[in-house]
Amino acid sequence: MKLNRIITHRTNGEDIRWVQLNLKDYNFYNGNIDGFYNSDLLQSVKKFQKYFGLKDDGVIEIKTWNAIKNFKKPDKNDIPYDISYLSQSGLKIYNKLNIL
């Protein structure tokens with residue numbers, strides 16, 4: 001789906017239904033899938049934006065839209081993206097592929 005407008009709180013449409021479905025799949029949203037940008041979705045969008053270092057204002061513009069569109073939910077068999085622990089030799093930080 002393509003972003004055709006800036007999406008804000010208290011609007012409705014199929015693009016909002018798409019956002020709801022994706023954020024629900026990514027475990028950021030647990031409300032109804034009804035195509036209405038309600039307060040629950042607003043809080044979920046802000047949480048998603050904050051997670052990705054975007055401006056967490058709840059406005060769905062191109063950066064937020066692309067982050068939702070391109071987000072890849074990790075496979076349950078994958079290691080988490082970031083793991084860190086303090087060992088005898090110092091702080092160990094792992095990302096998905098290797099030790100940093």
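Where in the chain is the place of Asn27? Asn27 is placed in the loop between H1 and H2, two helices that are described below together with the rest of the chain. The structure is a predicted model, in which local features require pLDDT of at least 70 and side-chain atom pairs count only at pLDDT 80 or more, while totals for chains, interfaces and linings use all residues. Residues are numbered from 1 along each chain as its sequence is written, and side-chain values use heavy atoms, with hydrogens and water left out.

The secondary structure of the protein chain consists of 3 helices and 2 strands. Helices (H or I, at least four residues) and strands (E, at least two) are DSSP runs numbered from the N terminus. In sequence order, the elements of the protein chain give the pattern α-α-α-β-β. Of the 100 residues in the protein chain, 30% are buried; a residue is called buried under 20% relative accessible area, exposed over 50% and partly exposed in between, with a 1.4 Å probe and protein chains only. Among the contacts in the protein chain with a separation of 6 or more, 32% join residues 24 or more positions apart, where contact means heavy atoms within 4.5 Å.

The packing of helix H1 was examined against two partners. Helix H1 (residues 14-25) and helix H2 (residues 39-51) have axes that come within 11 Å and cross at roughly 60°. Axes are lines fitted to C-alpha atoms, for helices over the stretch in contact, and angles run from 0 to 180 degrees between N-to-C directions. On the H1 side the contact is made by Ile16, Val19, Gln20 and Leu23, and on the H2 side by Leu41, Ser44, Val45 and Phe48. By class, this contact of H1 with H2 comprises 6 nonpolar and 2 polar residues, with no charged residues. In this classification Ala, Val, Leu, Ile, Met, Phe, Trp, Tyr, Cys and Pro count as nonpolar, Asp, Glu, Lys and Arg as charged, and the others, Gly among them, as polar.

Asp15, Trp18, Val19, Asn22 and Leu23 of H1 meet Trp65, Ile68 and Lys69 of H3. The contact of H1 with H3 has 5 nonpolar residues, 1 polar residue and 2 charged residues. Val19 and Leu23 of H1 take part in the contact with H2 and also in the contact with H3.

Two glutamines in the helices were considered next. Gln20, in helix H1, counts as buried at 0% relative accessibility. A polar atom of the Gln20 side chain lies 3.3 Å from the backbone oxygen of Asn32. Beyond residues up to four places away in sequence, Gln20 touches Tyr29, Asn32, Ile33, Asp34, Gly35, Phe36 and Leu41.

Gln49 belongs to helix H2 and is buried, with a relative accessible area of 0%. The Gln49 side chain reaches the backbone nitrogen of Gly58 at 2.8 Å, and a polar contact of 2.9 Å joins the side chains of Gln49 and Thr64. A polar contact is a pair of N or O atoms within 3.5 Å; within protein, one must be able to donate a hydrogen and the other to accept it, and residues adjacent in sequence count only if both atoms are side-chain atoms. With residues up to four places away not counted, the residues touched by Gln49 include Leu54, Asp57, Val59 and Glu61.

In the segment before H1, Leu3 is buried, with a relative accessible area of 16%. The C-alpha atoms of Leu3 and Ile62 are separated by 7.0 Å, although these residues are 59 residues apart along the chain. Apart from neighbours within four places in sequence, Leu3 is in contact with Ile60, Glu61, Ile62 and Trp65.

Backbone angles of two further residues complete the description. Arg10, in the segment before H1, has phi near 70°, a positive value in a residue other than glycine. Arg10 is exposed, with a relative accessible area of 64%. Asn27 has a positive phi near 65° and is likewise a residue other than glycine; Asn27 is exposed, with a relative accessible area of 59%.
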